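Subject: Structure handover

Hello,

Please open it first, then read the notes below.

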Amino acid sequence: MNLGKQEQLDLNGVWSFVFREEGLPSAAELAQLDYPQMETVPGCFDTSSVHRFARGCGVYRREVFIGGLCRLNIGGIGVRGRVFWDGRTLGELPIPFEDEEFVFEAGDEKAHTLVIAVDNRIDGSDDSLWAPYYDFYSHGGIYRDVSIGRLDRELRFVDCRVTTLDERTRTVRIDYELEGEKAGVSHPLECRVDGRLIYASGDGGMPARGNFTVNLPGAALWSVDHPVLHTLELSCNPAAKTFCAFGIRRVALQNGRITLNGEAVKLIGVNRHDAHPDFGYAVPVATVLHDLMQIKAMGANFIRGSHYPQSESMLALCDRLGLLVWEETLGWGNNPGSLKSRKFLDAQDCMARHLVRKSWNHPSVILHGFLNEVYSDCEEAEPVVRHLAELFRELNPSIPVSFATCRAEETERCVKFVDVIAYNVYPGWYVGDFLAEEFRPEDIAARLAQVRSYANLPENREKALLITEIGASTIAGAEPGDRWSEEYQADVDEEAVRLVMQDDRYSGIAIWLFADSRTFRTKGAVMRPRCFNNKGIVTEHRIPKQAYRRLTMLLRGGKNRKES
Ligand code: ADA
């Protein structure tokens, strides 16, 4: 959550580093380590020429000048990690991509040693959150920002959330929570929006945790075309202060459509891996911004953040650019074994809680998702999907929830639990165990029509409908006449988007994929030449393929003509 970040000291930069082939070190083993090398934070050590594709543990160390009660934020690591402060274990980082915070006594104000060790090995057991069969590579590193801040012992905000209740009257609810030695008694609270005092509790004060509702007459709404953000400041007594940016927008489902501020919205966009061959999952914010600008420039308004939680900075950029986001927890084709593993299931709950908290004040996030392509046609999936859908709704009832399925409609058992039917389909690409030979637009129309019929069954009619993946591979430069040329991919992608745009039953489509992305070698050379998923509409270095240009023509209202 974008809460009180002003108090945090940025720890990004160049840290000392050592690589070891064993797993995460214990505190005793840590004392024996030397750090002859350097790595950046954020950064993935296995993208460097020295440790390229290495499997093992990267240990990052730096000095931090601070003292007292502190909060350490780690925006996400992979695949698992352990944190040490002055040689003592501070805690574990068991979940890839998860933003974690540690509140702890840092000791006297002086130079202290912070170590973050990360292990990129994966075993593929039922418990594991990242398995070798996933279609994205498990880089090792500190993927996202690291920061630290000194906390006020007496009183501090630990929560500040804004929810739009009615966009017509600009009514929002503000939830807050205070912590600290003095949190037990009531405190006068003041709230400003864009610098204007809009709420004061009076002398009676407010409890440590609560909410209040305010109207903001005349305040601009947040939308794709006018992504206006407001600043909220909370202050209390007057020691504790916090602020966050927020947008006034309401997401809802009405008659099988997704609405934004009461109007049906058509989501047209792409899936995006937050990945880059030179940086792994530690994509520099400049590249993230350029990706988002490239997606927006195509005329798209939607990104599915596949297949793991997004970084705060990515969400903040989408807020500012007016891009709508489906955010999901980590998962990929998880099987009945995992669905019976307590460890795996507990991690799903934990990811849901973190994702909901982090994305709350980001108006761009309009859909929550989980467990991409879980075995939702098996019995074991039913209680899991039902539970996760309920958990997401309980945590934030204002955002619809879904999971992307690829299971045949007749065997699908879990769509009944979610708000949005989200189908990953590959007509024009996968045909049973084979790959399609020639472009047949009627195959695409036929598959989309089947999904639409399923969505029109009485039990599904109220649910919104999305194509969450569709696409085809091409290696940039492949010419017409080559099998799976750039033109072939462009034909498939364009036809799919065109059909969804003209069909009101569909609330949207996300092309698989924005940029080509590295995957495991075990996917096989035929299916994944170069060890990349090559369905990107731009290359891994973001050079447009024909599909990007063709979709831009279609979405920006240009002439819909093929290049030859
Ligand atoms: C699936 C999956 C994607 C990707 C895609 C493909 O639908 O969700 O991550 O693997 O297939 O390219 O085959």
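Of the 13 residues around the ligand, which come nearest? They are Asp135, Glu373, Tyr430, Glu469 and Lys535. A residue is near a molecule or strand if one of its heavy atoms lies within 4 Å of it.

Before the rest, some ground rules. This is a predicted model, where local features need pLDDT of at least 70, side-chain atom pairs count only at pLDDT 80 or more, and totals for chains, interfaces and linings use all residues. Residues are numbered from 1 along each chain as its sequence is written, and side-chain values use heavy atoms, with hydrogens and water left out.

Ligand site

The shell around the ligand divides into 4 nonpolar, 4 polar and 5 charged residues. Here Ala, Val, Leu, Ile, Met, Phe, Trp, Tyr, Cys and Pro count as nonpolar, Asp, Glu, Lys and Arg as charged, and the others, Gly among them, as polar.

Polar contacts are pairs of N or O atoms within 3.5 Å; within protein, one must be able to donate a hydrogen and the other to accept it, and residues adjacent in sequence count only if both atoms are side-chain atoms. A polar side-chain atom of Tyr430 sits 2.4 Å from an oxygen atom of the ligand. For His307 the distance from such an atom to a ligand oxygen is 2.7 Å. For Arg528 it is 3.1 Å. The protein covers 96% of the 320 Å² of accessible area that the ligand has on its own (Shrake-Rupley method, 1.4 Å probe).

Sheets

Helices (H or I, at least four residues) and strands (E, at least two) are DSSP runs, numbered from the N terminus. Two strands pair if DSSP finds at least two bridges between them.

An open sheet of 9 strands runs β28-β27-β26-β25-β24-β34-β33-β30-β29, with parallel pairing. β28 (401-402) and β29 (404-405) stand at the edges with a single partner strand each, so one side of each has no neighbour in the sheet. β27 (residues 365-369) pairs with β28 over 2 bridges, in the parallel sense. Gly369 stands opposite Ser402 in β28.

An open sheet of 3 strands has the order β21-β22-β23 and antiparallel pairing. Its edge strands are β21 (251-254) and β23 (263-264), each pairing on one side only. 4 bridges join β21 to β22 (residues 257-260). Gln254 has Arg257 in β22 as its bridge partner.

Backbone points to check

Most residues other than glycine have a negative phi, and most peptide bonds are trans. The exceptions below deserve a look.

- Val41 to Pro42 is a cis peptide bond, with omega near -5°. Pro42 lies in the loop between β3 (37-41) and β4 (43-44).
- Gly78 to Val79 is also cis, with omega near 0°. Val79 is in the loop between β7 (77-78) and β8 (80-85).
- Cys531 has a positive phi, near 65°. Cys531 lies in the loop between β35 (517-518) and β36 (532-533).

Best regards
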